[in-house]
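Dear colleague,

I am passing this structure on to you, together with some notes on what was found in it. Please look through the sequence and the model before reading further.

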Amino acid sequence: MTKPATLDPRPHGFDAWRAREDFPILKTEAHGKPLVYLDSAASAQKPRAVIEAVRHVYEAEYANIHRGVYELSEKTTAAFEGAREKVRAFLNAPEAREILFVRGATEGINLVAQSFGRAFLKEGDEIILSALEHHSNIVPWQLLRDITGIVLRVVPVNNAGELEIDAYAELLNTRTRLVAMTHVSNAIGTVTPIHDIVRLAHERGVPVLVDGCQAVPHQKVDVQDFDCDFYVFSGHKLYGPSGIGVLYGKAKHLEAMPPYQGGGDMIRSVTFEKTDYNVIPHKFEAGTPHIAGAIGLGAAIDYLEGLGIPEIMAHEQAVLHYATERLSRIRGLRPIGTAREKASILSFVLDRAHPHDVGTVLDGEGVAIRTGHHCAQPLMERFGIPATARASFGLYNTPEDVDALAAGLEKVLEIFG
Ligand code: 7TS
């Protein structure tokens, strides 16, 4: 296949065509056609380095952690804690004890809602969210609202899907106790101005939780530079295993917060009368964790840093621009989300076909995209639509993938046109 002249294959010191070789699944077929995977925002595919790291754990280095006095358990513990250190460096967090392993972003947000929220928030206190949020950053706060009587305030977005920062500044008031905001919208790709969000909140002494699920795969994240109080992401969107994720929290918050779950590993001593809790991070890691998952996530971080995150970002931005231009030539296609700053996520609707029909026709062509509300129903409502078709690009996507998407959409028009 010839590469479109509009996109130099290796303009950024990054070779996506070579990187594709690292992902065995990209050699598979769907409906007898080569798989064109355009759903990395839902979950990214795994490079061989991650698959091998997980396999190595189970074949050679597996035992339970933090408890065995024997060599094998010590080795596994060292690998698990080594992964924590890799995450610390990846986020540029000051200390490894500020990195909590959780099941994913969803659990990380629920942890903050149930621990920080129940301990420190009371009736009438306010939390600010945005219209861009994934349900994972809405529902945990509603559960907290049902228990405590807090009030949720929502920052609107403009027609391009950009956060209305002036409205945000106005929502901040003396009752605001927390801001919980996405870094990148999963549904439409908008990148939010995290520096401004944090600065304005901190001017009022309000802590900020950032949902970084869709940011970490696409850009360098530095929690000290952002100065955010909490940052969450899921391993599976970062080319790592599913069932493992990260909650970064400033030590001063994590130390003040009560445990989220009780069980093994999170205690120092237990009697029937009284339990002394362990230090952070262990206080928040009750029970046997996803050991191989954490180690696999560490391998994913090594892999990405080997390729270069700025280089990956430049490549994905080039693919995004190529796709935006290419799809603008599809008759009746309307992009949803046209923010100036976007991650490589492209949502759209066609005036002649429902997104689910678009997804089904594309599937027949081997092209995997996500259709639906993307767990962001309030955002769909904002745009007056029930659903979109969404193509999301990872480091392994190329202009040929965009061409396959465009060809599939032409087929949709033939059928529904
Ligand atoms: N926050 C954002 C911004 C997300 O995109 C997602 C998942 C979550 C939280 C929840 O992550 P989890 O790993 O705990 O489930 N987003 C998507 C998506 O866009 N398509 O499928 C899942």
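By the rule used here, in which a salt bridge is a side-chain nitrogen of Lys or Arg within 4 Å of a carboxyl oxygen of Asp or Glu, the count comes to 28 salt bridges. The model is a predicted one, so that local features need pLDDT of at least 70 and side-chain atom pairs count only at pLDDT 80 or more, while totals for chains, interfaces and linings use all residues. Residues are numbered from 1 along each chain as its sequence is written, and side-chain values use heavy atoms, with hydrogens and water left out.

Salt bridges within the chain

One of these pairs is formed by Glu365 and Lys33, whose closest N and O atoms are 3.7 Å apart. Glu365 sits in the loop between α12 (355-364) and β15 (367-368), whereas Lys33 belongs to strand β2 (residues 33-34), so the pair ties together parts that are 332 residues apart in sequence. (Helices, H or I with at least four residues, and strands, E with at least two, are DSSP runs numbered from the N terminus.) Glu365 is partly exposed with a relative accessible area of 24%, and Lys33 is likewise partly exposed at 31%; here buried means under 20% relative accessible area, exposed means over 50%, and partly exposed lies in between (1.4 Å probe, protein chains only). Lys33 and Glu365 also belong, with Lys411, to a network of salt bridges.

A second pair joins Arg97 and Glu255, with 2.7 Å between the closest N and O atoms. This pair links distant parts of the chain, Arg97 being in the loop between α3 (71-91) and β4 (99-102) and Glu255 in helix α9 (residues 251-256), 158 residues apart. Arg97 counts as partly exposed at 29% relative accessibility, as does Glu255 at 47%. A further salt bridge connects Arg329 with Glu325 at 3.2 Å between the closest N and O atoms, and Glu325 is partly exposed at 39% relative accessibility.

The two domains

The domain assignment, whose bounds come from an automatic or database source, gives domain 1 (10-39 + 308-416) and domain 2 (51-305). Their contact, meaning heavy atoms within 4.5 Å, takes 35 residues from domain 1 and 31 residues from domain 2. The area buried between domain 1 and domain 2 is about 2700 Å², of which carbon and sulfur atoms give 59%; buried area is the accessible area (1.4 Å probe) that two parts lose on being put together, summed over both. Ile309, Leu379 and Arg382 supply 23% of the area that domain 1 buries against domain 2, more than any other three residues.

Between domain 1 and domain 2 the count is one salt bridge. On the side of domain 1 that touches domain 2, the elements giving two or more residues are α11 (309-327), β14 (345-350) and α13 (377-382), and α13 gives the largest share, five residues.

A buried residue in a loop

Finally, Asn186 lies in the loop between β7 (176-182) and α7 (194-203), and at 6% relative accessibility Asn186 counts as buried. Leaving aside residues up to four places away in sequence, Asn186 touches His134, Gln214, Ile345, His374, Ala376 and Arg390.

With best wishes
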